[in-house]
Amino acid sequence: MQQNGDMRIGILTSGGDAPGLNAVIRGAVLTGSQTGTADFVGFRDGWRGLVEEDLLPLGRHEVKGISKQGGTIIGTSRTNPFEGIGGVDRVNEVMKRNGIDAIMAIGGEGTLAAAKRLTDAGVPIVGVPKTVDNDLGATDYSFGFDTAVGIATDAMDRLRTTGDSHGRCMVAEVMGRHVGWIALHSGMAAGAHVILIPERKTSFAQITEWVTSAKDRGRAPLVVVAEGFALDNMSDAHSERGLDTFGRPRLGGIGEMIAPMIEDATGIETRATTLGHIQRGGTPSAFDRVLATRLGMAALQCALDENWGHMVALQRTNIVSVPFAEALGKLNTVPDDRYDEARVLFG
Ligand SMILES: Nc1ncnc2c1ncn2[C@@H]1O[C@H](COP(=O)(O)OP(=O)(O)O)[C@@H](O)[C@H]1O
Ligand SMILES: O=P(O)(O)OC[C@H]1O[C@](O)(COP(=O)(O)O)[C@@H](O)[C@@H]1O
Ligand SMILES: [Mg+2]
């Protein structure tokens, strides 16, 4: 690891939490301490802690044993760093007063968009991609996704035994606002008879055909649906819970919506389960802990190299760094051939 003297870095976690955030923090903090290259402070609750100057110490002691803990020990929020008392001048002032040389921002596309605006204005920031949905471009996988898939698969295995016992159709709704990676992977792993993802609008007639064909073979049909899925006659994803703090529709409820429709159309008793935030909670998988630790270590190196405006990413098995613009350029959607491959086994 390059020695750049002591750099003081402020870490923040922003946006929805994801299992592995703590492992990123630990990876960066321990490496800085071990190599004598950097020390760290935390900003509480994402950009809020930065603009409101709400800091906490982040040394070896604070990160002891946290890579197996879900959530984030420094808190998260959806504060916009440009709103209220925020803005570039305020960020510079808080950094200067606290002797902070650089910021490590761990977040999804919203957080990285904010980070890009600040970096473009001269604030030294490096990024770490975070998304359970796995929807960020430029990184093959992000931590949290593997854990979410594991939790969803376990839930579906359980839904299948109760579904089999009653001969029911079970509908499982999983996360996935714009992309269907969690649905595709957990659905394949659990042997679902139907997988519905935001990238592929599907007719209700096609869904009932798959459900009926599975039932006719003596199976209890399992339908996996991503929260962002829309039927081919719907213009937007189903939303019935108002807006989030950033003004976006809160998704969820498509499973509950289609379950009675399936029952009415096929005569098969149908139940819906929404997995919701269970997918984001608790212990990260070993894969996510390793990925998150490596990303934290690499993000520190990115800062020591003064590679501002870059985020670290997993490409094949390597950790690389890419400009924010590249990461934000395009969503990591499920390619048609991956969906078509799974579709062969539907019904
Ligand atoms: N273009 C932007 N400019 C400034 N702040 C932004 C921008 N986009 C998002 N943000 C801030 O970053 C926060 C986190 O983004 P969000 O999309 O909610 O989570 P994530 O980073 O997980 O994708 C948002 O609530 C918002 O306050
Ligand atoms: O309930 P919250 O925190 O507003 O978040 C819900 C959204 O966050 C997500 O879990 C995605 O989070 P990521 O940004 O980690 O991909 C979506 O699947 C869901 O729509
Ligand atoms: Mg987001």
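**Exercise 1.** For this predicted model, determine how many residues surround ligand 2 and which are the closest.

*Solution.* Step 1: the shell around ligand 2 is made up of 16 residues. Step 2: the closest of these are Gly16, Gly108, Thr131, Asp133 and Met175. Step 3: sorted by class, the shell holds seven charged, five polar and four nonpolar residues. Step 4: domain 1 (7-143 + 284-328) and domain 2 (145-280) each supply at least three residues to the shell around ligand 2.

**Exercise 2.** Describe the shell around ligand 1 by its nearest residues, its classes and the helix that gives it the largest share.

*Solution.* Step 1: 16 residues lie around ligand 1, and Gly15, Arg78, Asn80, Gly108 and Gly110 come nearest. Step 2: nine residues of this shell are polar, four are nonpolar and three are charged. Step 3: helix 4 (residues 109-120) provides the largest share, six residues.

**Exercise 3.** With which residues is Met104 in contact, leaving aside its neighbours within four places in sequence?

*Solution.* Step 1: contact requires C-beta atoms within 7 Å. Step 2: with those neighbours set aside, the contacts of Met104 are Ile9, Ile11, Ala28, Val126, Val128, Ala299 and Ala303.

Methods
Residues are numbered from 1 along each chain as its sequence is written. Chains are lettered from A and ligands numbered from 1 in the order in which they are written. This is a predicted model: local features need pLDDT of at least 70, side-chain atom pairs count only at pLDDT 80 or more; totals for chains, interfaces and linings use all residues. Two residues are in contact if their C-beta atoms, placed from the backbone, lie within 7 Å. A residue is near a molecule or strand if its C-beta atom, placed from the backbone, lies within 6 Å of it. Helices (H or I, at least four residues) and strands (E, at least two) are DSSP runs, numbered from the N terminus. Ala, Val, Leu, Ile, Met, Phe, Trp, Tyr, Cys and Pro count as nonpolar, Asp, Glu, Lys and Arg as charged, and the others, Gly among them, as polar. Domain bounds come from an automatic or database domain assignment.
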